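Me: I am new to this structure and would like to get to know it step by step. Could you take a few questions from me?

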Amino acid sequence: MHDSYLNAAASSSAKLRATAMLWLANVSVFFVSAYSLTNQMTSVRADVGAAVFGWEHAIPFVDWTIIPYGSILGFFIASFFLCRSRAELNSHTARLVAVVLLSVACFVVWPQRFIFERPVVDGALGVLFQLLTAVDLPYNRTPSLHISILVILWVLYARRTHGWVRHAVYAWFTLIGISVLTTYQHHVIDVPTGALAGWLCVWMFPDSGSPRRRRALQRRW
């Protein structure tokens with residue numbers, strides 16, 4: 001009986017990992033395709049603006065923050081495998097897809113670009129900036145998808161980490177949030193709009209165990 005339970009649990013876990021891998025692949029392809037297409041479309045538009053506060057010129061460029069900036073990719077990949085149920089995985093995936101769709105709609109309606117000139121960076125950090133420039137044109141800045149996705153990841157990692165690990169994740173995620181400004185990728189307006197977009201998608205797709213989700217299911221049935 002005990003062995004049957006363990007086998008069933010192992011089979012269920014394997015199926016969840018396989019589903020997580022499938023959703024990761026699909027969301028990644030969707031994200032890259034949608035973001036790249038809108039970037040290219042915006043690059044040929046004549047109505048691209050830039051919302052910049054005068055005091056933003058005082059924000060320093062900090063080259064090493066490209067490391068936390070780029071680290072979000074690792075957290076993004078791992079997030080799919082942190083989900084402990086199919087329902088949680090579906091909610092997480094839906095949030096990510098929704099925030100890409102919402103952001104792309106904003107990019108089409110209100111195209112924005114980054115206008116500060118980034119200093120030349122040499123060495124290993126320079127290579128990272130070259131890779132970033134190769135895959136990310138300076139368009140479609142508002143809302144910041146980096147911040148939107150960070151909010152969605154923050155909600156999941158807050159639920160799956162504890163103690164000093166949670167505090168370490170919070171500190172690193174805060175650094176990721178700051179890095180969108182110090183790598184000269186985004187203007188300030190992109191940060192709160194990105195956070196709002198992320199929280200909106202979290203609200204639209206609540207966790208299966210949340211009180212709001214339970215109330216919705218009760219009304220449905």
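Me: Is Tyr-35 buried or exposed?
Reply: Happy to start there, with the note that this is a predicted model. The relative accessible area of Tyr-35 is 11%. Buried means under 20%, so Tyr-35 counts as buried.

Me: And is Phe-107 buried or exposed?
Reply: The reasoning uses the cut-off of 20% again. For Phe-107 the relative accessible area comes to 1%. That value makes this residue buried.

Me: What kind of aromatic pair do the rings of Tyr-35 and Phe-107 make?
Reply: A pair of aromatic rings is described by two things, the distance of the centres and the angle of the planes. Here the ring centres lie 6.3 Å apart and the planes stand at 70 degrees. Planes over 60 degrees apart count as edge-to-face, so the pair of Tyr-35 and Phe-107 is edge-to-face.

Me: What kind of pair do Phe-53 and Trp-55 form?
Reply: Their rings are 5.5 Å apart from centre to centre, with 10 degrees between the planes. Planes under 30 degrees apart count as stacked. The aromatic pair of Phe-53 and Trp-55 is therefore stacked.

Me: Which category of accessibility does each of Phe-53 and Trp-55 fall into?
Reply: Exposed means over 50%, buried under 20%, and partly exposed in between. Phe-53 has 38% relative accessibility, so this residue is partly exposed. Trp-55, at 53%, counts as exposed.

Me: How many aromatic pairs does the structure hold, and which residues do ring pairs link into a cluster?
Reply: The structure has 14 aromatic pairs. The cluster linked by ring pairs consists of Phe-61, Phe-114, Phe-116, Phe-129 and Tyr-184.

Me: How do helix H2 and helix H3 run relative to each other?
Reply: H2 (residues 66–82) and H3 (residues 86–109) pack with their axes 9 Å apart, at an angle of about 150 degrees. Angles over 145 degrees count as roughly antiparallel. H2 is therefore roughly antiparallel to H3.

Me: Which residues of H2 meet H3, and how many residues of this contact are nonpolar?
Reply: On the H2 side are Phe-76, Ser-79, Phe-80 and Leu-82, and they meet H3 residues including Leu-89, His-92 and Leu-96. The residues of the contact comprise 1 charged, 3 polar and 5 nonpolar.

Key
Residues numbered from 1 in each chain as written. Predicted model: local features only at pLDDT ≥ 70, side-chain atom pairs only at ≥ 80, totals over all residues. Heavy atoms only, no water. Axes fitted to C-alpha atoms, helices over the stretch in contact; angles between N-to-C directions. Helix = DSSP H or I, 4+ residues; strand = E, 2+ residues; numbered from the N terminus. Parallel < 35°, antiparallel > 145°, perpendicular 65-115°, else oblique. Contact = heavy atoms within 4.5 Å. Nonpolar A, V, L, I, M, F, W, Y, C, P; charged D, E, K, R; others polar. Phe/Tyr/Trp six-rings, centres within 6.5 Å; stacked < 30°, edge-to-face > 60°. Buried < 20%, exposed > 50% of the residue type's maximum accessible area, 1.4 Å probe, protein only.
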